[in-house]
Amino acid sequence: MNCRTTIAVLAHRFQQLDRLLTETRRWWQYQPYHHLTLAFADEAPALAARLNAMSLAQLNELDGDMAALCALLAPWIPAGAALHGLSELERFLPEPIQCAREMAMHMPGRKQAQIEAFCGNLPPHQGPYLEWCAGKGHLGRLVSLHRGAEILSLELQGQLCEEGRRLAARDGARMQFIEADAFAAESGALIAEQHHAMALHACGELHTHLLERVVERGARGVTVSPCCYHLIRGSHYRPLSTAAQASDLQLTKADLRLPLQETVTAGARISRLRELEVVWRLAFDCLQRHLRGVDEYLPVPNMQKSLLTGSFEAFCAWAAQRKGLILPAGLDLAAFLAMGEARYGDVARMELVRHLFRRPLEIWLALDRALFLQEQGYRVEVGEFCDKPMTPRNILIRAVRQQMS
């Protein structure tokens, strides 16, 4: 497939996804926590009844089977099957790479597998690499040893840089660590024309900023695996490509969280704590509406998970203090907790419908990045670098600057 054909294919897929996501946005572009009942109950009472008849276990089973979910929702969302098809990516064929046992020390098992898969899917490159948001430089160290390459590793935290230097010296990797903020102008200036930049799960604007600086500096190439799309500095997503800039979709931070709701299956304890946190948050939401006399959602900040080992009363006291509310004596907290438990099922049902659009929206975001790089003269490929059980954030965008003839 030549470059012109690849450009047309990616652009056509983006346009199809954009049209369908725009036409169906009433089904996904809202926040279930804000609703006291099923948001679509009036528009689709038969769907509401169908989902209400399902147990939480049945909802969870459907959530892991997109084909079955498409079939269930087809009478109300006929575009589901097309969206599902447009969301499928080919797996890249990796070069088999495995860390030496000593080198793999200090790497969590799943992270080690991700690093090996990422490294095995890097395009050919003769020259140095730039490792963006490097941490301890595990990825750069493997690339250096496997390809005999020089690595320039950029990392914000000095302690991680020091540990990275120690590990590089231990393993004989040719690495230089720079302690710097990725958003600083001098960090972008580190990107040289001969570099191939790489970032494994750099969050939000950390990786989009890298793509813009790679283009600005004319680097030979870049390979990224996007993550945490919602970590942006503004209130709304800033599209990169001309195609996305022309879209009618306006994505908030809350919208950008939707792809991240696809997670690796957690253990029973973690799953139980997640459910408990949602129930408590929903229960407190009912409580704060009662106290304020305002029927609208009030977001509560992230919390220490140790709070979940305490009581609901202690959680309410913590949340009320954070939001400047006073809890009067004699509150029937058990009644509000029961409301939260009832709402948990409604939220799960709304989220199930929204999850039909989880991967399509992530592909839309990935294609925005790919089309931006194509517009700037790079030959771009988009695919999966590993299976989802290793990480649901398994999309890989790899781009190589086209040589001028």
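What is the mean pLDDT of the protein chain, and what share of its residues reach 70 or more? The mean is 93, and 97% of the residues reach 70 or more, where pLDDT is the predictor's confidence in each residue, from 0 to 100. Over residues 1-5, however, the pLDDT is below 50, and this stretch has three contacts in the model beyond near neighbours in sequence (contact means heavy atoms within 4.5 Å). Where pLDDT is low, the predicted coordinates should not be read in detail.

A word on the ground rules before we set off. This is a predicted model, in which local features need pLDDT of at least 70 and side-chain atom pairs count only at pLDDT 80 or more, while totals for chains, interfaces and linings use all residues. Residues are numbered from 1 along each chain as its sequence is written, and side-chain values use heavy atoms, with hydrogens and water left out.

Let us begin with an annotated region. UniProt, in an unreviewed entry, lists residues 128-233 as "domain: Methyltransferase"; its positions are given in the numbering used here, feature names are shortened, and annotations may be inferred rather than shown by experiment. The span is 39% helix and 26% strand, and its end C-alpha atoms lie 31 Å apart. Helices (H or I, at least four residues) and strands (E, at least two) are DSSP runs, numbered from the N terminus.

Now turn to helix H7 (residues 138-147). Seven of its ten residues are buried, so H7 is mostly covered; buried means under 20% relative accessible area, exposed over 50%, and partly exposed in between (1.4 Å probe, protein chains only). Those buried residues are His-138, Leu-139, Gly-140, Arg-141, Leu-142, Val-143 and Ser-144. They pack against helix H6 (109-120), strand E1, strand E2 (151-155), helix H8 (158-171), strand E3 (175-179) and strand E4. After H7 comes Gly-148, with a positive phi near 60 degrees.

H10 is largely enclosed by the rest of the structure, because ten of its 13 residues are buried. Among them are Glu-205, His-207, Leu-210, Leu-211 and Val-214. The cover over the buried residues of H10 includes strand E1 (129-131), helix H9 (185-188), strand E4 (196-203), strand E5 (221-227), helix H16 (358-375) and strand E6. Gly-218 follows H10, and its phi is positive, near 70 degrees.

From here, move to Arg-393, in the loop between strand E6 (378-384) and strand E7 (395-401). With a relative accessible area of 7%, Arg-393 is buried. Not counting residues up to four places away in sequence, Arg-393 touches several residues, including His-201, Cys-227, Tyr-229, Glu-262, Arg-359, Glu-362 and Phe-385.

The aromatic rings come next. The structure holds eleven aromatic pairs: rings of Phe, Tyr and Trp (its six-membered ring) pair if their centres lie within 6.5 Å, and planes under 30 degrees apart count as stacked, over 60 as edge-to-face and the rest as tilted. Trp-28 and Phe-357 form a tilted pair, 6.5 Å centre to centre with 35 degrees between the planes. This pair links distant parts of the chain, 329 residues apart: Trp-28 is in the loop between helix H1 (3-23) and helix H2 (45-52), and Phe-357 is in the loop between helix H15 (333-354) and H16. Trp-28 counts as buried at 0% relative accessibility, and Phe-357 is also buried at 0%. Tyr-237 and Trp-364 form an edge-to-face pair, 6.2 Å centre to centre with 65 degrees between the planes. Tyr-237 is in the loop between E5 and helix H11 (242-245), and Trp-364 is in helix H16, 127 residues apart. Both Tyr-237 and Trp-364 are buried.

Leaving aside neighbours within four places in sequence, its contacts include Trp-28, Tyr-237, Leu-361 and Trp-364.

Finally, the cysteines. The structure holds zero disulfides, a disulfide being a pair of cysteine sulfur atoms within 2.5 Å. For Cys-119, the nearest cysteine sulfur, that of Cys-99, is 8.1 Å away.
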